[in-house]
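Hello,

Here is the structure we talked about handing over. Please have a look, and read my notes below alongside it.

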Amino acid sequence: MTHKIFARQAGRDHVESGEFIEARINMSFTHDPGIAVLTETFYNGFGRDAKVWDPSRVALFQDHLVPAKDPASRNLVKIMDEFAAEQNIQHYFPYGPNYGVSHTVLIEQGLTLPGELLVGNDSHTVTGGAFNALATGVGIVDMAAVLKTGRLWFSVPEVMQVSIDGRLKPDVQAMDIMLRLLSDIKMGGASGKAIEWAGSTIDDLTLDQRISLCNMVVEGGAMNGIMTLTPEVEKYLAEVAQRPYEAVTPDPDFVYERVVSYRAEDIEPMIALPHKPDNGVPLGEVVRKGIKVDQVYVGGCAGGKLEDIKIFADVVRGNRVAKGVQVVVVPATMQVYRAMTVQGITQDLVLAGVNVESPGCKACFGAHGAVLGDGDVCLATINRNFRGRMGSPNASVYLASSLTAGHTALHGFITDGK
């Protein structure tokens, strides 16, 4: 599927792994942390009067540093405001009623579309593969070139298939699948490759669970991850898609560089130990140790979607979180936050002693909003637990599903609630 999209965008009948191509971009985006360097690079490289190739194919997001935590953060917002106005950017999502984590907002707004090539200034751009898009992260210089020309050079990747068939156990979520895969292939096990998801289990996943899987392929080093469409995804797209699209499907005779296969019934709840996402072990091995936590954090582009938060809320509803544990829920977007409020989830969380923060990337990347201090132990539903990722390099972060987060929040130590 990745090869088909690259061929389409390069104006070719087909492409081969390892060759370099120049491809047309369908959609691009950037966000607040890199806006100053990006605009400087763009204007210095192409002139102060330079214009983006297509204002309808560029999106700008304020998601990492809003609400502004300091004057420098606020200044980045102003730079983005100015660039959006100068370039007549048609998809601008500043801090306000419709802002949130870029990857999730792109999906909500119908800008992540099947069969298209999407690039962004963020490694988790790969999230878009859940909607049959070839979505991948690029650097500042690359993005400056995209903004001007709408084109970019790529190396066509080898493709690795991950196939899962069968029915998942009730307590297994997409995060568990991903942590199992990473523990098996390790970080870098898919370096520079495309991961193509397949199998009946993948077809049966909910929309939000699909998003979680594609979001984290980059933790294995993958250039992108991609899935075929399902009726649920097509129904969703029928309501939000901004333009017509043409999905891609895999050819039955395609030769994969590697195939990794699982039976869904064999996948257990997992947890990633500090300080790498591929340090995954079965949750039961950690439960026996009774590891106390200082914080439980539910949020990010991997774990702050509505379904993630609902699963967490179902566990804590009607109870109180453990004394001495800081429990934080950060919805990915304002759309998720509104749904939480309308459905009574926000009230249930607050009554349980949970702190519900405004949307955004927040402590997932250690900038603000519940960052960790020396010696802190945190269980989080985010995608990375690198040393210092959520704050102090002397803190410890465990990655787990929102179900595990719920039980841990109630007990004060890592547990499956059994």
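First, a caveat: this is a predicted model. Now the findings, by topic.

**Salt bridges**

The structure holds 17 salt bridges. A few deserve a line each.

Start with Glu 19 and Arg 12. Their side chains meet in a salt bridge, at 2.8 Å from N to O. Glu 19 has 22% relative accessibility, so it counts as partly exposed. Arg 12, at 36%, is partly exposed as well.

Next, Glu 22 and Arg 151. Here the N to O distance is 3.6 Å. This pair links distant parts of the chain: Glu 22 sits in strand 1 (residues 20-24), Arg 151 in strand 7 (residues 151-155), and 129 residues separate them. How exposed is Glu 22? Its relative accessibility is 34%, so it counts as partly exposed. Arg 151 is partly exposed too, with a relative accessible area of 29%.

Then Lys 276 and Asp 278. Their closest N and O atoms are 3.7 Å apart, which falls within the 4 Å limit for a salt bridge. Is Asp 278 buried or exposed? Asp 278 is buried, with a relative accessible area of 3%. Lys 276, by contrast, is partly exposed at 38% relative accessibility.

There is also a network. Salt bridges link Asp 314, Arg 317 and Asp 348.

**Aromatic pairs**

The count comes to 10 aromatic pairs. Which way do the rings of Phe 61 and Phe 93 pair? Their centres are 5.1 Å apart and their planes lie at 10°, so the pair is stacked. The cut-off for stacking is under 30 degrees. Phe 61 lies in strand 3 (residues 58-61) and Phe 93 in strand 4 (residues 91-93), so the pair ties together parts that are 32 residues apart in sequence. Both Phe 61 and Phe 93 are buried.

Phe 131 and Tyr 236 make a tilted pair, because their ring centres are 5.9 Å apart and their planes are at 55°. Phe 131 lies in the loop between strand 5 (117-120) and strand 6 (134-137), while Tyr 236 belongs to helix 9 (residues 231-240), so this pair ties together parts that are 105 residues apart in sequence. Phe 131 is buried, with a relative accessible area of 1%.

Ring pairs link Tyr 43 into a cluster with Phe 42, Phe 46 and Phe 83. The ring of Tyr 43 also has a charge over it: the charged end of Arg 48 sits there, 4.1 Å from the ring centre.

**Helix 6**

Helix 6 covers residues 174-185, 12 residues in total. From first C-alpha to last, helix 6 reaches 17 Å, close to the 16 Å expected at 1.5 Å a residue.

How many residues of helix 6 are buried? The answer is 10 of its 12, so by the under 20% cut-off the helix is mostly covered. Among the buried residues are Met 175, Ile 177, Met 178, Leu 179, Leu 181, Leu 182 and Ile 185.

What does the backbone do just after helix 6? Lys 186 takes a positive phi of about 70° there.

Best wishes

Methods:
Residues are numbered from 1 along each chain as its sequence is written. This is a predicted model: local features need pLDDT of at least 70, side-chain atom pairs count only at pLDDT 80 or more; totals for chains, interfaces and linings use all residues. Side-chain values use heavy atoms; hydrogens and water are left out. Helices (H or I, at least four residues) and strands (E, at least two) are DSSP runs, numbered from the N terminus. The expected span of a helix is 1.5 Å times one less than its number of residues. Buried means under 20% relative accessible area, exposed over 50%, partly exposed in between (1.4 Å probe, protein chains only). Rings of Phe, Tyr and Trp (its six-membered ring) pair if their centres lie within 6.5 Å; planes under 30 degrees apart count as stacked, over 60 as edge-to-face and the rest as tilted. A charge sits over a ring if NZ of Lys or CZ of Arg is within 6 Å of the ring centre and within 35 degrees of the ring normal.
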